[in-house]
Amino acid sequence: MTRDADVVVVGAGLAGLVATAELVEAGKRVILVDQENEANVGGQAFWSFGGLFLVDSPEQRRLGIKDSYDLALQDWMGAATFDRPEDHWPRQWAEAYVAFAAGEKRSWLRERGWKVFPLVGWAERGGYGATGHGNSVPRFHLTWGTGPGLVEVFERIVREGVERGSVTFAFRHRVDEVVVTDGAATGVRGAVLEPTTVARGVSSSRTVVGDFEIRADAVLVTSGGIGGNWELVKKNWPTRMGRVPRHMLSGVPAHVDGRMLEITGRAGGHVINEDRMWHYTEGITNFDSVWPNHGIRILPGPSSLWLDATGHQLPAPLFPGFDTLGTLEHIVSTDHDYTWFVLDQKIIEKEFGLSGQEQNPDLTGRDVRKLLERVRPGAPGPVEAFKTRGEDFVVADSVAELVAGMNKIGDVELDPAAIEALLVARDREMDNDFGKDLSVSAIHAARKYRGDRVARIASPHKMLDPTNGPLIAVKLHLLTRKSLGGLETNLDSQVLRADGSVFPGLYAAGEVAGFGGGGVHGYRSLEGTFLGGCIFSGRAAGRALAR
């Protein structure tokens, strides 16, 4: 079966939808190919919390946050620490993206129907000085409607294109080859997979029932990263982060397999920074799994006591929510693949969020009545469900009982007296609004931000005070998530060859392109930048292809 189009887009995730929406508005004919069924439109963005990195927004200003392009770029460069010759284009993308986030990003999205939740979150707080890693101010803007609310902004435009006949979806079409004619990309070939009705995210059949070829003036690859492919994660694991973990939960479905990186590279596209990746350290086993080895990430406030597998507190500034990859490197160095949060009921009620649209039905469903339940006594419903049913949670009224439960699910026998001594010492630090414990100082400092004080961070208190109980311990696993490297692209999302020349007719956007340039984040992310990177690079590709 052979079909023709102006552009063939490989991957119906956020970057693919954004680019296709731009092409629809330009009157181009597009075939949008995806190996999964129609239930998976939106890809990983649909599952997401919907956070976007914005700079000097009205939401920030209303909360008293003073932000600027210069400060945001300083933070970005401090996180990225670009240090390779191939970082030329990633650096260009970083400067352009921060300008977009400080400029038209918010208004451009709102013109298309995007709505923002008024509280701004503070992710990746850093702790290494003004020029080091981390967000100097809160910049995490949550989509009202979470991931599905963001996806629908662009899916609506694409569906209008389908109705007008300018867009054709080709689901269950797995691309196996980028067709190259006289040095230019002129289409794709692959296998048609058998139909399936499995739900979004559920692993699907790979039984082949036919083949296909699509001819086009240009090919745009928006196929995502490698987070669902454990073999590729291991293969690309960076030596700077130490040994490869023996166990990680999966933060993405199995179809996030990274196949198109190898396929596009085989055609002549240049893949760079494959050893840069982004994985989380606060994963918990999903008691209601959708995909294999399904993990959910806790979005923590800073008040939990973070211990390694042997019961020692993680060093400063590796506090909850401060430095994801720094914490990952430290955990790997302990020769264990898990850690512990120790906290109490007062902390879990205020500070535990769960990443993902399905774990936030109030925000996802845009239900104000449900949202108000967050300020009532008790943990949010999804958090309480994990506390009750999750295999990684221990709840107890005494330290001895708590540690006994931890020892049942951990690999290291912990000493109750040592854990109690840590908690007693920490509680003594709570008698003043100052002290030498930097993890406690971080709580006091965070509460100076109005948004955290009102809705995010528990007031400082003593964990061993029974009125704040029960005590809770959570076993935290490492969790695969994002590729930070990928296909090298210029600012028009054109794929480059190894010699730096443009590969005619071949474009890439989203995670497969390292969210722009082959690695716009460098070594670390400031959060809220993955979805935004898909939007910015997808828009750049669509606009370049529409010329």
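Which loop holds Pro317? I found Pro317 in the loop between strand S14 (305-308) and helix H10 (324-333). Helices (H or I, at least four residues) and strands (E, at least two) are DSSP runs, numbered from the N terminus.

**Ground rules.** I am working with a predicted model, where local features need pLDDT of at least 70, side-chain atom pairs count only at pLDDT 80 or more, and totals for chains, interfaces and linings use all residues. Residues are numbered from 1 along each chain as its sequence is written, and side-chain values use heavy atoms, with hydrogens and water left out.

**Backbone.** I looked up the peptide bonds and phi angles. Most peptide bonds are trans, and most residues other than glycine have a negative phi. Ala316 and Pro317 are joined by a cis peptide bond, with omega about 0 degrees. Gly469 and Pro470 are also joined by a cis peptide bond; here omega is about 5 degrees. I placed Pro470 in the loop between helix H18 (450-455) and strand S18 (471-483). Then I turned to Asp182. Its phi is near 55 degrees, a positive value in a residue other than glycine. Asp182 sits in the loop between strand S7 (173-181) and strand S8 (184-193).

**Record.** I checked UniProt. An unreviewed entry there lists residues 6-531 as "domain: FAD-dependent oxidoreductase 2 FAD-binding". UniProt positions follow the numbering used here, feature names are shortened, and annotations may be inferred rather than shown by experiment. Over residues 6-531 the chain is 32% helix and 23% strand. The end C-alpha atoms of that stretch are 26 Å apart.

**Helix pair.** I looked at helix H5 (residues 88-102) and helix H19 (residues 530-546). They pack at an angle of about 105 degrees, with axes 11 Å apart. Axes are lines fitted to C-alpha atoms, for helices over the stretch in contact, and angles run from 0 to 180 degrees between N-to-C directions. H5 and H19 are therefore roughly perpendicular (65 to 115 degrees). On the H5 side, Trp93, Ala96, Tyr97 and Phe100 make the contact (heavy atoms within 4.5 Å). H19 brings Gly532, Gly533, Phe536, Ser537, Arg539 and Ala540.

**Cavities.** A cavity is a set of points on a 1 Å grid over the protein atoms alone where a 1.4 Å probe fits but cannot get out. The structure holds 3 cavities of 30 Å³ or more.

How values were computed: Parallel < 35°, antiparallel > 145°, perpendicular 65-115°, else oblique. 1 Å grid on protein atoms, 1.4 Å probe; cavity = no way out; pocket = protein on both sides within 12 Å on 5 of 7 lines; lining within 4 Å. Points joined across faces, edges and corners; volume = space filled by probe spheres on them.
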